[in-house]
Number of protein chains: 2
Amino acid sequence: MTPLFKSLCVVGPGLIGSSVLRRAKETGTIAGTLIAADTSPPVLERVRELDIADVITSDPAVAAQADCVMICVPVGAVEEVARQVLLYMKPGSILTDVASVRGQLGPTIHAILPEGISYIPGHPMAGTEHSGPDAGFSTLFEDRWALLVPPEGSDPEAIAKIEALWNLCGARTKTLSDEQHDQICAMVSHLPHLLAFTICDTADNLSDEIRAAVLDYAASGFRDFTRIAASDPVMWRDIFLANREALLGTLDRFMADTQSMADAIRNGDEAAITGRIERGRAIRRTLIENRQA
Amino acid sequence: MTPLFKSLCVVGPGLIGSSVLRRAKETGTIAGTLIAADTSPPVLERVRELDIADVITSDPAVAAQADCVMICVPVGAVEEVARQVLLYMKPGSILTDVASVRGQLGPTIHAILPEGISYIPGHPMAGTEHSGPDAGFSTLFEDRWALLVPPEGSDPEAIAKIEALWNLCGARTKTLSDEQHDQICAMVSHLPHLLAFTICDTADNLSDEIRAAVLDYAASGFRDFTRIAASDPVMWRDIFLANREALLGTLDRFMADTQSMADAIRNGDEAAITGRIERGRAIRRTLIENRQA
């Protein structure tokens with residue numbers, strides 16, 4: 001079978017990027033030649049040791065030779081990397097990124113796109129709390145969703161190719177507008193992370209006695225929050241800032257709901273308390289049915 | 001080896017109680033005779049089918065014949081059950097409970113204790129989101145903590161026996177005051193549950209489109225919150241109400257911390273954002289070292 005692309009370049013082979021490379025290497029169906037590009041010599045050295053790319057480079061001109069260039073750097077650096085590789089990309093090739101916040105990224109990059117090059121970003125809703133080339137694995141995207149956010153008027157053939165790429169990685173795909181994407185991610189990912197970071201911070205600020213106890217007795221609830229709170233600080237800082245509007249809006253609703261729950265507890269309103277708890281259970285049940293739990 | 005107790009009665013063989021019975025049945029070291037008591041005929045029928053008790057009864061007078069009576073009912077019902085069994089308990093026996101909030105329970109029951117009976121409550125910091133006799137398993141308490149909260153002046157021999165009981169269940173023990181216990185549990189267990197219930201509620205109140213998307217794309221953070229949000233509503237309502245003072249105090253601190261995080265995001269204060277995230281990571285690392293992650 002002919003691979004989907006003659007060559008695929010991953011710029012930024014971290015958790016996501018190195019997982020794509022591993023999958024492509026294992027299956028052989030995604031690209032004939034795999035290129036890994038990064039500005040960090042230790043990262044490139046690690047990619048070489050892991051043997052997950054055919055070509056390893058720090059040169060944007062080499063990266064741009066691929067007929068699909070996938071930018072997997074933190075949200076805040078995507079635009080700059082796109083500007084660099086677009087200088088060299090050839091007509092008929094596709095630029096994509098995996099940025100977890102869209103904001104103005106789509107329109108901005110679309111506006112600087114040379115004739116004949118498509119820009120079809122897609123955000124795989126998968127991850128762990130680990131980062132770097134060692135953190136990746138080839139099954140990371142299995143049964144997960146990749147959210148495609150192509151600019152209006154994108155070439156349908158290019159969209160179909162990026163869909164096929166994610167399907168070959170094991171993921172299901174859905175196409176959304178930038179606004180829908182950012183709203184949804186604020187709720188399912190950014191707000192939970194913000195709360196997880198904050199509850200750890202609250203625990204950290206308690207008296208030494210209570211703080212020590214929290215560490216000893218974390219089993220009953222607290223530790224479920226800390227797993228996601230172990231994630232990369234710079235990546236999450238960038239995400240919070242890039243999606244600040246949708247995130248702060250969702251946080252406002254959450255704070256209002258928390259205040260109602262606190263009022264119900266203060267006033268001993270049993271029905272209001274159990275009502276909220278019941279809704280949590282219903283959502284959990286649906287998640288299990290949807291194989292997302 | 002002679003078992004720790006001649007007979008042990010579990011009143012309320014749910015997740016915790018049936019796990020103690022399973023452990024006692026499997027090891028034979030905890031009690032010679034196992035009694036299960038409950039007011040619900042279907043629960044007693046299920047205990048009979050599971051074959052985890054020698055005697056099954058709905059009669060407090062039968063329950064009270066054990067030389068250790070362990071009350072495993074929801075927090076709000078402990079006092080009433082204690083009053084019933086204390087009418088029949090014999091001198092030299094021990095009453096214990098596993099209530100996850102102490103509040104005034106200790107002093108209240110201590111005050112009605114007949115001569116010669118010890119009251120040594122202990123709260124095992126273990127659980128799952130499931131409930132009922134089928135939810136229990138014999139290794140539930142392994143490597144977890146049981147927090148003993150004996151009233152002042154309790155018989156040291158009775159304390160040692162309840163410690164031994166939890167050690168035989170696989171748990172480590174620590175002795176705390178009622179106030180320490182409730183403060184700690186507010187932080188490590190009650191606040192995380194309150195937030196988990198509330199974030200599910202917030203998701204539930206969104207537009208149908210976003211709500212459906214939340215269910216589809218829960219993988220990246222949201223679902224970690226929903227596991228604990230699947231817990232029993234009545235149990236948690238009782239816990240929130242019983243520990244309302246410590247819980248609302250801890251929630252206030254959390255809300256203030258969340259507000260600071262929101263302000264840092266609104267103002268683009270990168271250092272403040274990463275500072276909070278770094279603290280979350282540090283706590284997570286310590287949890288892993290403490291084998292609680």
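Trainee: How many salt bridges does the rule find across the interface of chain B and chain A?

Mentor: Seven. A salt bridge here is a side-chain nitrogen of Lys or Arg within 4 Å of a carboxyl oxygen of Asp or Glu. Bear in mind that this is a predicted model: local features need pLDDT of at least 70, side-chain atom pairs count only at pLDDT 80 or more, and totals for chains, interfaces and linings use all residues. Residues are numbered from 1 along each chain as its sequence is written, chains are lettered from A and ligands numbered from 1 in the order written, and side-chain values use heavy atoms, leaving out hydrogens and water.

Trainee: And what's the salt-bridge count over all chains?

Mentor: 25 by this rule. Take Arg279(B) and Asp201(A), with their closest N and O atoms 2.4 Å apart. Arg279(B) sits in helix α12 of chain B and Asp201(A) in helix α7 (residues 178–204) of chain A, so the pair joins two chains. Helices are DSSP runs of H or I with at least four residues, strands are runs of E with at least two, and both are numbered from the N terminus.

Trainee: Which residue of chain B does Glu270(A) bridge to?

Mentor: Arg237(B), with the closest N and O atoms 3.5 Å apart.

Trainee: Which elements of chain B give two or more residues to the side that touches chain A?

Mentor: β8 (145–148), α7 (178–204), α8 (208–216), α9 (222–229), α10 (233–242), α11 (244–266) and α12 (270–289). The largest share, 20 residues, comes from α7(B).

Trainee: What's that side made of, by class?

Mentor: 46 nonpolar, 20 polar and 23 charged residues. Ala, Val, Leu, Ile, Met, Phe, Trp, Tyr, Cys and Pro count as nonpolar, Asp, Glu, Lys and Arg as charged, and the others, Gly among them, as polar.

Trainee: How much area do chain B and chain A bury between them?

Mentor: About 8800 Å², 68% of it on carbon and sulfur atoms. Buried area is the accessible area (1.4 Å probe) that two parts lose on being put together, summed over both. The contact (heavy atoms within 4.5 Å) takes 89 residues from each of chain B and chain A. 100% of the interface residues of chain B are also interface residues in chain A, so the copies meet through the same surface.

Trainee: New topic. What are the domains of chain A?

Mentor: Domain 1 (5–176) and domain 2 (180–289), with bounds from an automatic or database domain assignment. Their centres are 31 Å apart, taken over C-alpha atoms. The contact takes 15 residues from each of the two domains.

Trainee: And how much do those two bury?

Mentor: About 1200 Å², 67% of it on carbon and sulfur atoms. Val101(A), Glu129(A) and Leu176(A) supply 45% of the area that domain 1 buries against domain 2.

Trainee: How many salt bridges there?

Mentor: Zero between domain 1 and domain 2 of chain A.
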